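Please have the sequence and the 3D view open while I talk.

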Amino acid sequence: MGWTRNLLGEGVSRQRDEEGGVACRTEEDSPTAKKPARIDGRFPLTRWELAAASSVFILFSMGLFSIYLTLPEEEYGIFRLPRSISDIRVLKDHLADFANNYQTKFMLGYCSIYIFMQTFMIPGTIFLSLLAGSIFGVVKGVLLVVFTATLGASSCYLLSKLIGRPIISWLWPEKLRFFQAEIAKRREKLLNYMLFLRITPSLPNTFINLASPIVDIPFHIFFIATSVGLFPSSYITVRAGLALGELRSVRDLYDFKTLVVLFLIGSIIILPTILKRKRTYE
């Protein structure tokens with residue numbers, strides 16, 4: 001009888017092992033299962049993803065070039081992307097009259113360049129924000145910067161939804177896991193948290209634009225948080241554009257006092273989320 005029990009026990013154990021193996025294989029082979037991120041040294045995009053990104057880039061470039069061709073020939077040598085405070089001073093002197101005489105063309109070109117740079121994560125939009133302040137003043141400059149930055153961030157969000165997962169998993173795997181965990185904790189008050197991130201320099205805006213669709217942040221939450229949350233930092237940058245002579249570098253924009261104010265505003269916005277979590281734990 002002992003050998004019968006042993007035989008039956010081995011059979012049951014083997015059956016359970018086989019069932020567990022089937023369950024594991026089913027979960028791994030499921031199309032909804034998340035695949036591990038490609039964080040090796042290989043290029044993260046497939047050929048089709050690279051072709052899609054290249055097509056969008058070419059379309060944007062053709063649009064910018066078409067706008068460039070509509071400008072007067074005598075202005076061709078003036079336009080270039082500013083890369084320093086001194087570049088902005090030179091551009092301001094040359095573009096002030098052009099912006100007044102050809103306001104529609106200038107605005108169209110400015111918005112197109114800003115959105116293009118935001119979409120493809122090209123650094124330097126802060127110089128365009130300073131330029132807007134130096135030419136248009138605070139009110140008009142802030143509205144222009146927030147409008148173009150929101151459209152550019154939204155365009156980056158939509159492009160990232162198409163091809164962003166392998167890129168951000170390749171560039172910032174640890175930061176992405178941290179961001180995903182923080183979003184999971186704050187699903188019920190997600191707008192407050194996104195506003196906090198936009199107002200404060202807790203995470204780079206480029207990372208937020210690229211990672212938001214990957215961690216399933218709804219587009220309407222992303223759009224509202226971006227359009228509202230960018231006002232404080234845009235005001236600081238645009239207002240600094242009125243006093244370019246006093247600026248030595250971009251670092252002068254965000255001194256300790258400015259950072260404290262931004263974090264104070266962000267803390268007030270995220271306070272309801274913290275209080276709700278405290279009540280939940282109690």
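Two housekeeping points next. What you see is a predicted model, so to speak: local features need pLDDT of at least 70, side-chain atom pairs count only at pLDDT 80 or more, and totals for chains, interfaces and linings use all residues. Residues are numbered from 1 along each chain as its sequence is written, and side-chain values use heavy atoms, with hydrogens and water left out.

Okay, the overall picture. How many helices and strands does the protein chain have? There are twelve helices and zero strands. Helices here are DSSP runs of H or I with at least four residues, strands are runs of E with at least two, and both are numbered from the N terminus. If you walk along from the N terminus, the elements read α-α-α-α-α-α-α-α-α-α-α-α. Among contacts in the protein chain with a separation of 6 or more, 77% are between residues 24 or more positions apart.

Now, what's inside? I'll call a residue buried under 20% relative accessible area, exposed over 50%, and partly exposed in between, using a 1.4 Å probe and protein chains only. By that count, 40% of the 282 residues of the protein chain are buried. In soluble globular proteins, nonpolar side chains tend to be buried together. A nonpolar core is a set of buried Ala, Val, Leu, Ile, Met, Phe, Trp, Tyr and Cys residues joined through side-chain atoms within 4.5 Å. The largest one here has 58 residues, and the members touching the most others are Tyr110, Leu130, Phe179, Ile183, Met194, Leu197 and Ile217. Helix H6, residues 138-171, gives this core its largest share, eleven residues.

Let's zoom in on Phe179. Which residues does Phe179 touch, not counting those up to four places away in sequence? The list is Tyr193, Leu197, Leu203, Phe207, Ala211, Ser212, Val215 and Ile217.

Two packed helices are described by the angle between their axes and the distance between the axes. For helix H7 (residues 173-185) and helix H8 (residues 190-199), the axes come within 9 Å and cross at roughly 140 degrees. The axes are lines fitted to C-alpha atoms, for helices over the stretch in contact, and the angles run from 0 to 180 degrees between N-to-C directions. Under 35 degrees counts as roughly parallel, over 145 as roughly antiparallel, 65 to 115 as roughly perpendicular, and the rest as oblique. H7 and H8 are therefore oblique to each other. On the H7 side the contact uses Phe179, Glu182 and Ile183, and on the H8 side Leu190, Tyr193, Met194 and Leu197.

Pro82 sits in the loop between H2 and helix H3 (85-101). Is Pro82 buried or exposed? With a relative accessible area of 2%, Pro82 is buried. Leaving out neighbours within four places in sequence, Pro82 contacts Asp87, Ile88, Leu91, Phe127 and Leu128. Take Leu128: Pro82 and Leu128 are 46 residues apart in sequence, yet 7.3 Å apart in space, C-alpha to C-alpha.

Gly266 belongs to helix H12 (residues 256-281), and at 0% relative accessibility Gly266 counts as buried. Away from its neighbours within four places in sequence, Gly266 is in contact with Phe196, Ile199 and Thr200. Gly266 and Leu195 are 71 residues apart in sequence and 7.1 Å apart in space, C-alpha to C-alpha.

For contrast, look at Lys161 in helix H6. Lys161 is exposed, with a relative accessible area of 58%.

Met121 isn't a glycine, but has a positive phi of about 55 degrees. Met121 is in the loop between helix H4 (103-119) and helix H5 (125-136), and is partly exposed at 31%. Asp216 has a positive phi too, near 65 degrees. Asp216 lies in the loop between helix H9 (205-211) and helix H10 (219-229) and counts as exposed at 51% relative accessibility.

Last stop, the cysteines. Cys111 is buried at 14% relative accessibility, and Cys156 is buried at 2%. A disulfide is a pair of cysteine sulfur atoms within 2.5 Å, and a search of the whole structure finds zero of them.

Technical notes:
Contact = heavy atoms within 4.5 Å.
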